[in-house]
Amino acid sequence: MTTKGKSFRKTQWWLTGEDDLAAYDRKVEVWISSRHSIPQNLLDNLEALLNSSSAKDAPHNGTEGVEDIFWAGTEAGLMGIPRFPGLIYETDGSQEKGNIGN
Amino acid sequence: MLGIVSSLISERFSLGEARASSEAQDEDFSSMIQNPPEVGEVRIHMDPAYLDISYGGITASTFQGVATLITSAGPLEKKGARWHLLSKKFSSPGDIRTDLNRERLLQETMDKDTNCRSFAWKVLHQAKLAVGAMTYVGDTALTAPSFLKNVVRGNSTETIGPRVINWTGLSRKDQAIILLILQTTID
């Protein structure tokens with residue numbers, strides 16, 4: 001599979017945590033072991049993402065791997081919001097001109 | 001800023017107007033979040049909190065989701081979530097200074113190499129789903145995705161089973177190591 005889209009995080013993103021994406025004017029090759037049999041729809045989804053021109057990397061907020069620990073370290077996580085025993089209508093981790101953003 | 005709404009809303013007031021300031025200052029928001037009052041009300045917490053998240057001798061605090069670490073190489077700002085993950089899973093209190101400095105130097109070197117890049121996490125997650133991977137090979141502890149259980153580089157016994165390898169997220173030295181492993185692996 002050879003694709004060309006905005007599939008890379010921008011250089012030094014780790015210093016700011018920004019999720020902007022870039023293509024870096026290069027194609028991407030995907031190699032899969034010949035011993036693997038992968039459903040076509042999963043490959044189609046992967047190809048679509050690699051060809052995407054979307055400039056943002058949508059955050060993956062799940063419970064796979066060590067995500068529970070990762071999200072527990074966000075501002076909301078450190079304050080215990082995920083363990084709030086009630087309904088959460090909205091939270092926001094930024095303060096922009098005194099307003100809660102969406 | 002953080003707005004917390006309890007489950008039974010009956011009135012809205014600001015702390016400054018409805019409560020004596022000394023009482024408001026005494027309120028423990030973290031405790032209130034875990035044990036909200038049984039009457040319905042809205043609390044607006046206007047002032048961002050500085051939270052001490054020091055670990056292993058590295059002084060660190062987080063403010064609005066950004067952690068500032070005081071390291072031997074100077075201040076380092078990171079997402080608070082990443083530092084939290086590093087302090088819980090990556091290294092021991094005795095080794096975190098050395099390990100963090102190693103990863104930082106490697107990441108800075110990789111940033112200067114136009115062949116080394118981090119993939120979008122949405123791409124890596126789809127690749128994970130496609131092969132059923134539990135292990136990710138590439139990047140550094142500062143950039144690796146959090147949705148894979150194992151994250152390794154180079155010669156590690158954890159590179160067994162289905163894995164996602166980011167070739168552009170490996171130094172040339174680590175590329176040579178993983179290439180030898182791939183030539184002999186059967187899974």
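Q: Which residue just after α6(B) takes a positive phi, and of about what value?
A: Just after α6(B), the residue with a positive phi is B:Gly132, at about 65°. The value comes from a predicted model.

Q: What makes helix α6 of chain B largely enclosed by the rest of the structure?
A: A residue counts as buried if 20 or more other C-beta atoms lie within 10 Å of its own. Eight of the 11 residues of α6(B), residues 121-131, are buried, so the helix is largely enclosed by the rest of the structure.

Q: Which residues of α6(B) are the buried ones?
A: They are B:Trp121, B:Lys122, B:Val123, B:Leu124, B:His125, B:Ala127, B:Lys128 and B:Ala130.

Q: What covers the buried residues of α6(B)?
A: The cover includes α2 (40-51) of chain A and β9 (163-165) of chain B.

Q: Which residues does B:Leu124 touch, leaving aside those up to four places away in sequence?
A: B:Leu124 touches B:Phe119, B:Pro145 and B:Val164. Each of these pairs counts as a contact because the C-beta atoms lie within 7 Å.

Q: How many residues of each chain are in contact across the two chains, and which element of chain A gives the most?
A: 52 residues of chain A are in contact with 46 residues of chain B. On the side of chain A that touches chain B, two or more residues come from each of β2 (8-9), α1 (13-16), α2, α3 (67-71) and α4 (75-78) of chain A. α2(A) gives the most, with six residues. By residue kind, that side of chain A divides into 27 nonpolar, 17 polar and eight charged.

Q: Why are β4 and β5 of chain B called paired strands?
A: Pairing requires at least two bridges. Five bridges join β4(B) to β5(B), so these strands pair. They run antiparallel, and B:Thr62 stands opposite B:Ala67. Their hairpin has two residues between the strands, and in it B:Gln64 takes a positive phi near 50°.

Q: How do you know that the strands on either side of this pair are also paired?
A: The same cut-off of at least two bridges applies. β3 (residues 50-52) and β4(B) are joined by three bridges and run antiparallel, with B:Phe63 the bridge partner of B:Tyr50. β5(B) and β6 (residues 74-79) are joined by six bridges and also run antiparallel, with B:Lys78 the bridge partner of B:Ala67. Both counts reach at least two, so both pairs qualify.

Q: How many residues lie between the strands in the hairpins of β3(B) with β4(B) and of β5(B) with β6(B)?
A: The hairpin of β3(B) and β4(B) has six, and B:Gly56 in it takes a positive phi near 55°. The hairpin of β5(B) and β6(B) has two.

Q: Which residues of β4(B) point to the buried face, and which to the other?
A: Along β4 (residues 59-63), B:Ala60 and B:Thr62 point to one face and are buried.

Q: Where in chain B is confidence lowest, and where is it highest?
A: Confidence is lowest in β1 (residues 2-5) of chain B, at a mean of 37, and highest in α6(B), at 94. Over residues 1-22 of chain B the pLDDT is below 50, although this stretch has 41 contacts in the model beyond near neighbours in sequence. Where pLDDT is low, the predicted coordinates should not be read in detail. Chain B as a whole averages a pLDDT of 80, and 80% of the residues score at least 70. The model scores ipTM 0.86 and pTM 0.80.

Conventions: Residues numbered from 1 in each chain as written. Chains lettered and ligands numbered in written order. Predicted model: local features only at pLDDT ≥ 70, side-chain atom pairs only at ≥ 80, totals over all residues. Buried ≥ 20, exposed ≤ 12 C-beta atoms within 10 Å, placed from the backbone. Helix = DSSP H or I, 4+ residues; strand = E, 2+ residues; numbered from the N terminus. Nonpolar A, V, L, I, M, F, W, Y, C, P; charged D, E, K, R; others polar. pLDDT = per-residue confidence, 0-100.
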